[in-house]
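Take the coordinates below as a predicted model.

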Amino acid sequence: MRLITVFTALLVASFVRAETIDFWPGAVYDPSVPTIKDVTGHEPGERITWHADVVRYFDALAKAYPDRVAVHRYAESWEGRELIYAVITSAENMSRIADIKTGMQQLRNAGSTGAQAAERIIESQPAVTWLSYGVHGNEISSTDAAMLTAYHLLAARNDERVDEILQNTVVIIDPMQNPDGRDRFIHHFEMAEGLLPDPDRISAEHDEPWPGGRTNHYLFDLNRDWFIMSQPETQGRIVATQEWYPVAFVDAHEMGSDNTYYFAPEAIPYNPHLAADQRASLELFGRTNARWFDRFGIDYFTREIYDAFYPGYGASWPSYFGSIAMTYEQASARGLVWRQYHGNEMTYASTVRNHFVTSLGTAETVASNREKFLREFYEYQLSAIDEGATGDIRAYVLPTQDDQAGANKLAGLLVKQGVEVGVATERFRACGESYEPGSYVINLAQPAKRLVRTLLDTDVPMDAEFMAEQERRRAKDMGDQIYDVTAWSMPLMMNIRADTCNRAVTAATRPAAGDLVLPGTVSGGNARVAYLVPWGEATAVRFLANALRAGIEVKSTDLAFTHEGQRYPSGTLIIDVADNDPSLHESVRALAASTGANVVAVNDSWVTDGPNFGSNNVVVHNTPRIAMAWDEPTWAYTAGNMRFVIERMFDYPVTAIRSDRLGTADLDRYQVLILPSQGFGEYAATLGEEGVQNLKGWVANGGVLIGIGTANRFLADPRVDLISIRREDAVVEGDDDNGGGQKSSGDEEDPVPTVEGSYLASTDDYESAITPESQSPDVQDGVIARADVDPDHWLGAGVASTINVVYAGTDIYTPIKLDAGVNVARYQSADALLASGYMWEENRKQLAYKPFAAVQASGAGFVIAFTSDPTIRAYQTGLNVIFMNAIFRGSAHARPVR
């Protein structure tokens, strides 16, 4: 048996080496440096290296050469895997590495570092280059290239660039940004392997099962998480990059397997807050990479597809502290060999080689331009300070507000990203407004000015010529070239008031600490009658979730009320002392401190306005068991992001049930079932008629069924009819039905059907003739749209009167009829709904007054439709209350037989 295994391994290895890869032709390596094979058991590109082996390799290098390599642990994934980065430089530089870090910090803090001091740093110290790999777990080649890059920098003895790189730069290698996704990919790949690597694109080894390896444990695209910082991998990386402030940052990816290789310069549009020299410097890196690719005969392309507009990419976010950030993309073998459309069999080793070449080319470019890049980094900070002091917006103020927890979180996120934020210690006035102590002040005369404007501005405009071209393409049904969302304003997505001021704000402040959640308080001591938790902030939702898990009896009100002169919003929690055990007081204090909720102790139940605590307008909360559809046909992003929001932002467990089990499963144990957006499959096909009837019976018996995004295509399908909204086709304006109906040609014996003839007398007639009779609205790249909330419905309890929703895709639904349900949140008028981003005119007009959130009662339960995903990327925190209302208040209002 052992002989067979060894023989098979040798056979596979010989197959992979059939195309011999000389990673750096003519290179001579120091035999004392540990090779990849020494540690992992395979040559570079021969196998896809597991996370643990990658870590072992970098640890081996650090152990062998501690004077030139240092490995740092910067985070731990949800599944417990370490994230590391390796610092590689000359022994001389390593001996003063702390001073080098300090020097970069001083250049960053240009306001307190004078020109002479900066010049001394620029003349005397190396620049920092950050090479980041594998943010998408199934984009596999870059991590193996990271190991090869480290080996080459330490072992190459006849590459003249290496000494210059090690002397003039500190190279930081982050070999694997997403270890959970990578190991998930490798696991499925190795399960599907046969005797030999199979190049066939439909082979199982190339066909990842749901959810694929791209995402992390909670199925987040970590390359969209940089400024919202929701995931531990990102949080650790943000801290690490701000310790070093690299002048160049590369994010190495893979792309579609029939492509070649992409490197900077990026495609348009560029974010207008980027500095001109950052854009110009991209060409230096591109030219270096092109020179080496030409030498080795490797095809590439630039300036297409991958833009620098959205700030949440790894190839974008570092730009806003002054780095030259860029993405590299290699066609993916998605295994050990892939047959491209023209017959070329691309080996994994060749994809590793290409990323290795550009990694060295990047370090070479920084080494050759050390002084230039350091000086431009310093000047970037100075120009940001100057722009902040002279621009049209010179300060932002986050006033104290109803959702103070949201304002606290926004301020904390900014601080964690290097923004100088002050907390007012006394009342002040600015730009005609009065502000209370506790307001946050962000003066823009600071190095982080461009990041602040990018994240807080209501809108970041796209290049007008670029958008004109997109409109031209759309008219020809060619598809647009917008790569991601067109809007991401953090105040809008968090539904936080953020005021601008055209002059610097003078106020007494203390530095904000960067806490995302501040401890809550209990006012009034031990309550004799009840504790009240005002509803409307995420902290109150977190308090409810944890209280229910702790077995505390909780009620909430459907209507606002006034108690002892204080107004409490609808949804306010009521915890009766008499209904709970004597430890309640201690439990409430502990929950307030840990969740951030502010609690009021009351000693009588008399209200002067609104419902009393025993009214029928007050509901008793159960402790709902939440289930959600998992696996195909769900859209993995939605499934994972939603599960994360419930479990990690609100501390409440979710049972994930594979979708195909929902057709026959006994769901009676669950009070809430969530159907995430559907992806490439459909719920109708997965569940079948038996599944539809199972869901209908469960809802009728008191279940709360929540449909998210495209899951409502299933729920609203007339053949399913779980909710009576309907998905709309695109509106066709001016359709005069100019022929086109199918009919016989008049020759009754002619078996070939024809259509009625018509004259096309103008280009308008031609356009009408080529327009499909029925089609979806044009695909909308993400915008932020305003929606109004019905305050009289329990789903809208504690929710702001106007909310902001990230709208993307093609789905627009009819409003629900009054006799069937309630449109609890509907988009505003066509003239008012667009809050941020670029929206196709027809979509804007058609989306007006259509529902974002609709509720329909069915028997003892409810069906709730969110027509757009409220949990996308976990950055729409302004929608958390309405989403959690659907879960906790929905189950409290359902009436199953107890």
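Start with an open sheet of five strands. Their order is E17-E12-E16-E13-E18, and the pairing is antiparallel. Two strands sit at the edges: E17, residues 499-501, and E18, residues 509-511. Each of these pairs on one side only. On average, neighbouring strands in this sheet are turned by 30° against each other, with direction ignored.

Now look at one pairing in detail. Strand E12 covers residues 395-398 and is joined to E17 by three bridges. The two strands run antiparallel. Which residue of E17 is the bridge partner of Ala395? The partner is Cys501.

Helix H14, residues 404-416, lies across E12 and strand E16. Strand E16 spans residues 440-443, and H14 runs at about 35° to E16.

Next comes a pair of helices. Helix H8 takes in residues 160-168, and helix H12 takes in residues 348-368. Their axes come within 9 Å and cross at roughly 60°. The crossing in which H8 passes H12 is left-handed. On the H8 side, the contact is made by Arg161, Glu164, Ile165 and Asn168. H12 contributes Leu360, Gly361, Ala363, Glu364, Ala367 and Ser368. How do these residues of the H8 contact with H12 divide by class? Four are nonpolar, three are polar and three are charged.

Move on to a loop. Ala730 is placed between helix H22, residues 712-715, and strand E31, residues 742-743. Which residues does Ala730 contact, leaving aside its neighbours within four places in sequence? They are Gln775, Ser776, Pro777 and Gln846. For a distance check, take Ile238, which is 492 residues from Ala730 along the chain. The C-alpha atoms of Ala730 and Ile238 are separated by 42 Å.

Finally, turn to confidence. The mean pLDDT of the protein chain is 95. Of its residues, 96% reach 70 or more. Two stretches stay under 50: residues 1-8 and residues 736-748. For residues 1-8, the model has one contact beyond four places in sequence. For residues 736-748, the model has 18 such contacts beyond four places in sequence. Where pLDDT is low, predicted coordinates should not be read in detail.

Technical notes
Residues numbered from 1 in each chain as written. Predicted model: local features only at pLDDT ≥ 70, side-chain atom pairs only at ≥ 80, totals over all residues. Heavy atoms only, no water. Pairing = 2+ DSSP bridges. Helix = DSSP H or I, 4+ residues; strand = E, 2+ residues; numbered from the N terminus. Axes fitted to C-alpha atoms, helices over the stretch in contact; angles between N-to-C directions. Contact = heavy atoms within 4.5 Å. pLDDT = per-residue confidence, 0-100. Left-handed = near helix turned anticlockwise from the far one by under 90°. Nonpolar A, V, L, I, M, F, W, Y, C, P; charged D, E, K, R; others polar.
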